[in-house]
Each structure stands twice: as structure tokens, then as C-alpha cells.
Amino acid sequence: QRLEIVSQQALEMSSISASLFQKPALKTTPCRLPAHSRRLVVRASTAVTPFNDELIANAKKLTAAGKGLLAMDESNATCGKRLDSIGLENTENNRKAYRTILVGTPGLGEYISGAILFEETLYQSTLDGTPFVDVLNNQGILPGIKVDKGLVPMTNSNGESWCQGLDGLAQRCAEYYKQGARFAKWRSVVNIGAGPSAKALFDAAYGLARYGVIAQNAGLVPIIEPEIL
């Protein structure tokens with residue numbers, strides 16, 4: 001009988017101890033989606049910026065039916081490779097000449113809604129002295145700008161990379177807007193062959209999200225580019 005009483009007390013004590021270490025129940029509100037829907041709808045932030053109406057208008061221009069984007073944001077080094085292939089030296093004047101040919105294509109605005117520029121190009125002029133930004137605007141093409149600073153190896157990973165460029169991005173975006181840019185592009189890479197690791201996925205998502213918010217607050221429509229390799 002004594003053993004039964006002790007056993008009963010032990011059971012009661014263990015029950016009390018267990019209840020002390022239980023996580024409190026979370027109060028949740030069920031998400032009531034239509035029975036036929038299996039999608040989670042995510043809505044953009046309703047935060048107000050001085051550029052809200054302009055951002056919406058420019059986003060619509062960029063996605064106009066029947067038009068696309070011209071990616072002419074080659075770095076000076078990459079542009080140099082193109083020039084070298086035809087026996088030309090990689091000088092600023094030769095890069096200007098190459099880019100002048102691109103933006104001076106007759107009827108370009110009929111098919112292109114926006115042109116992604118390298119930083120040098122945003123501040124350059126064509127061979128006749130007309131700013132590239134003005135040439136594009138006169139054809140109804142929105143000037144854009146590549147704002148990331150490229151990929152670098154990620155330490156302690158499966159040979160993956162991360163995209164740099166968040167430092168000083170707000171100030172740079174403000175300057176790009178003053179120069180005439182109206183949208184931006186940031187490219188981050190997720191390497192399937194090397195993983196992808198949770199660390200690399202998180203870094204790519206975080207970098208793209210932070211860039212997107214910063215660009216919008218500066219008046220630039222952000223193009224989010226998570227490239228899968």
C-alpha cells in the first residue's frame with residue numbers, strides 16, 4: 001500500500017513537472033482560403049513613398065505588351081572582350097561607340113521598353129554628345145541601372161557565391177535617380193549543382209529583398225533576378 005501511495009505521488013509530480021516545461025499554446029487565426037484555392041496570396045506592402053504613383057506607372061511601362069528589356073549592362077571588362085574580338089582596344093571612346101550603335105538602332109523604342117545600363121553608361125554621352133539617358137527617353141525607353149557589385153565566393157559553403165552591393169546602395173540609388181535612371185536590376189545566383197545550401201538560399205533571398213526595398217524608396221522599380229544555375 002505504501003508503494004502504491006509513493007507511486008501515485010510520483011506520477012502526480014511528474015505530471016506537474018511536465019506541464020511546467022510544456023510550451024504555451026499559440027493563439028492562431030486560421031487563414032480561410034476558398035476551397036478550390038491552394039495558393040498563398042502575398043500582398044505588397046502598402047507603405048507610402050513619394051514615388052508610389054511613379055513606380056506603378058514605370059512598372060507598367062516596363063511590362064508593356066509586345067516589348068522587352070535590353071540588357072546592355074556589360075562591365076567595362078566584358079565590353080572589352082567584345083571589342084577585342086574585332087581587333088579594337090578597350091578604351092572609353094570605343095565603348096561609347098559600341099553603346100551608341102545599340103541605342104541608336106532605328107525603331108528601337110517600338111520593341112524595347114527599358115534598357116539596363118552599366119554605371120559608366122548612365123553618365124556617358126553618345127559620340128555626338130547626346131547623353132545616353134536622353135537618347136533612350138526620346139524613344140520612349142526607360143533607362144535602368146545594374147546596382148549589384150557582382151558575385152564573390154561564399155566561405156564555408158559548397159563552392160557557392162553571394163552577391164555584394166548593399167553597402168552604400170541607398171545613396172547610389174538616389175544618385176542614379178537624379179541621373180535619370182527609373183529602374184534597377186540586381187542579380188543573385190542560386191547554384192543547384194553545388195547544393196543549394198540553406199545558407200546560400202537565405203543570403204540570396206535577403207539580399208534581393210533588401211535591395212528591392214532600397215530601390216523603391218529611391219524611386220527605382222526593382223527587377224528581382226534570382227538566377228538558377
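Reply: Gladly! Let's start with strand β3 (residues 142-146), which pairs with β6 in the parallel sense over three bridges. One of the residue pairs involved is G144 with its bridge partner F183 in β6. Do keep in mind that this is a predicted model.

Me: What makes β3 and β6 a pair of strands?

Reply: The criterion is at least two bridges found by DSSP between the strands. β3 and β6 have three bridges, so the pair meets that criterion. On its other flank, β6 is joined to strand β7 (residues 221-228) by eight bridges, again parallel. There, R187 has E225 in β7 as its bridge partner.

Me: Why is β6 called largely enclosed?

Reply: Strand β6 covers residues 183-190, and seven of its eight residues are buried, so the rest of the structure largely encloses this strand. Buried here stands for under 20% relative accessible area. For the protein chain as a whole, buried residues make up 34% of the 229 residues.

Me: And what makes the unit of β6, helix α8 and β7 right-handed?

Reply: Point the strands away from you and follow the path from the first strand over the helix to the second: if the path runs clockwise, the crossover is right-handed. β6, α8 (residues 198-217) and β7 form a β-α-β unit of that hand.

Me: Which strands make up the open sheet, and why are two of them edges?

Reply: The order is β1-β2-β3-β6-β7, five strands with parallel pairing. β1 (68-72) and β7 each have a single partner strand, so one side of each has no neighbour in the sheet. On average, neighbouring strands are turned by 25° against each other, direction ignored. At the β1 end, five bridges join β1 to β2, and G68 has I112 in β2 as its bridge partner. Helix α2 packs on this sheet, touching β1, β2, β3, β6 and β7, and its direction makes about 50° with that of β7.

Me: Which residues touch the most other members of the largest nonpolar core?

Reply: Those are I145, V147 and L220, in a core of 35 residues. At least two core residues come from each of α2 (52-62), β2 (112-117), α6 (132-138), β3, α7 (169-179), β6 and α8. Leaving aside neighbours within four places in sequence, the contacts of I145 include I116, L117, Y176, F183 and L220. As a general rule, nonpolar side chains in soluble globular proteins tend to be buried together.

Notes: Residues are numbered from 1 along each chain as its sequence is written. This is a predicted model: local features need pLDDT of at least 70, side-chain atom pairs count only at pLDDT 80 or more; totals for chains, interfaces and linings use all residues. Side-chain values use heavy atoms; hydrogens and water are left out. Buried means under 20% relative accessible area, exposed over 50%, partly exposed in between (1.4 Å probe, protein chains only). Helices (H or I, at least four residues) and strands (E, at least two) are DSSP runs, numbered from the N terminus. A nonpolar core is a set of buried Ala, Val, Leu, Ile, Met, Phe, Trp, Tyr and Cys residues joined through side-chain atoms within 4.5 Å. Contact means heavy atoms within 4.5 Å. Axes are lines fitted to C-alpha atoms, for helices over the stretch in contact, and angles run from 0 to 180 degrees between N-to-C directions.
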